[in-house]
Amino acid sequence: MDMFTYHDVLAHLGVGGAHPGGLALTKELLKDLPIKQTSHILDAGCGTGQTAAFLAKTYGCQVTALDQHPLMVERARERFAREKVTIQLVEGDMENSTLAKESFDFIIAESVTVFTNVTKTAREYIRLLRIGGMLLDLEMTAGVAFSADEVGDFQELYGLREIPIAEDWRSIFRNAGFHSVEIVKEHTVAHLLEGQSLQKDAFELQELNPLEPLDPSLYQIWDKHQRLTERFSNQLKYVVYKAEK
Ligand SMILES: C[S@@+](CC[C@H](N)C(=O)[O-])C[C@H]1O[C@@H](n2cnc3c(N)ncnc32)[C@H](O)[C@@H]1O
């Protein structure tokens with residue numbers, strides 16, 4: 001059993017934009033959302049807060065950022081102070097938050113929901129959104145259903161319970177109460193790796209801010225992550241779902 005979790009690694013390395021495509025993809029996706037200065041947006045599982053800070057600076061709207069990892073929250077707090085943005089920052093569980101119901105126009109989740117109990121989190125998104133509110137969620141998605149053994153490898157490394165195929169993700173959102181669920185973008189990990197062959201990683205590591213000294217076992221987990229990513233590069237996809245309440 002590893003001493004650290006995968007999310008500890010991301011937090012210790014201080015990865016900003018810890019989702020495939022990074023901030024560049026985030027910017028592209030946000031362009032299609034009707035965000036106004038009066039909008040209230042939740043960055044669900046905000047990590048180091050890169051997207052939340054970008055939202056506040058770009059739209060001047062009200063932003064709330066939530067993450068359950070204390071070090072991520074600390075790093076997000078530092079970023080918001082450094083970038084001089086006012087953002088409500090909450091340490092909490094996205095499956096069951098203390099945020100007020102029907103208080104958000106948009107929820108952005110970037111590689112977060114898959115690490116949670118997806119059914120509970122999808123219901124929580126519905127509870128938090130106003131009628132007509134929108135969820136934009138970029139999630140790890142199985143290209144074809146994985147065997148129990150294969151899912152086991154992902155469970156061990158990421159602590160996740162399942163990797164749904166796209167149709168299952170759509171059902172999860174629909175069953176939670178979303179009335180339209182669209183796929184706005186999808187790509188295989190192989191495609192992502194191709195574009196980033198020098199880095200050999202599915203992440204666009206444009207921002208790193210490591211805590212020194214780094215415990216060597218963190219590298220081992222990072223290495224496992226890279227090997228698993230490469231092994232499943234043709235079967236694993238990242239899909240962006242847009243769903244409306
Ligand atoms: C892969 S990182 C992505 C972080 C950020 N969205 C980004 O793109 O940089 C996943 C994040 O989800 C957070 N997370 C995982 N499970 C969570 C839960 N149940 N509630 C809140 N946050 C959670 C982790 O702590 C981590 O910061």
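This report describes the ligand and the pocket around it in a predicted model.

## Ground rules

Residues are numbered from 1 along each chain as its sequence is written, and side-chain values use heavy atoms, with hydrogens and water left out. As the model is predicted, local features need pLDDT of at least 70 and side-chain atom pairs count only at pLDDT 80 or more, while totals for chains, interfaces and linings use all residues.

## Around the ligand

The ligand is surrounded by 21 residues. A18, H19, G45, D67 and D93 are the closest. By class, the shell holds 8 nonpolar, 10 polar and 3 charged residues. Nonpolar means Ala, Val, Leu, Ile, Met, Phe, Trp, Tyr, Cys and Pro; charged means Asp, Glu, Lys and Arg; the others, Gly among them, are polar.

## Atom by atom

A polar contact is a pair of N or O atoms within 3.5 Å. A polar side-chain atom of H19 lies 2.5 Å from a ligand oxygen. The side chain of D67 has an N or O atom 2.6 Å from an oxygen atom of the ligand. G45 uses its backbone: an N or O atom there is 2.8 Å from a ligand nitrogen.

On its own, the ligand has 600 Å² of accessible area, and the protein covers 97% of this. These areas come from the Shrake-Rupley method with a 1.4 Å probe.

## The lining

The largest pocket has 41 lining residues, and Y6, H7, L10, Q68 and F115 are the closest to its centre. Lining residues have an atom within 4 Å of a point on a 1 Å grid; a pocket is an open set of points where a 1.4 Å probe fits, with protein on both sides within 12 Å along at least five of seven lines. By class, 16 are nonpolar, 16 polar and 9 charged.

Technical notes
A residue is near a molecule or strand if one of its heavy atoms lies within 4 Å of it. A polar contact is a pair of N or O atoms within 3.5 Å; within protein, one must be able to donate a hydrogen and the other to accept it, and residues adjacent in sequence count only if both atoms are side-chain atoms.
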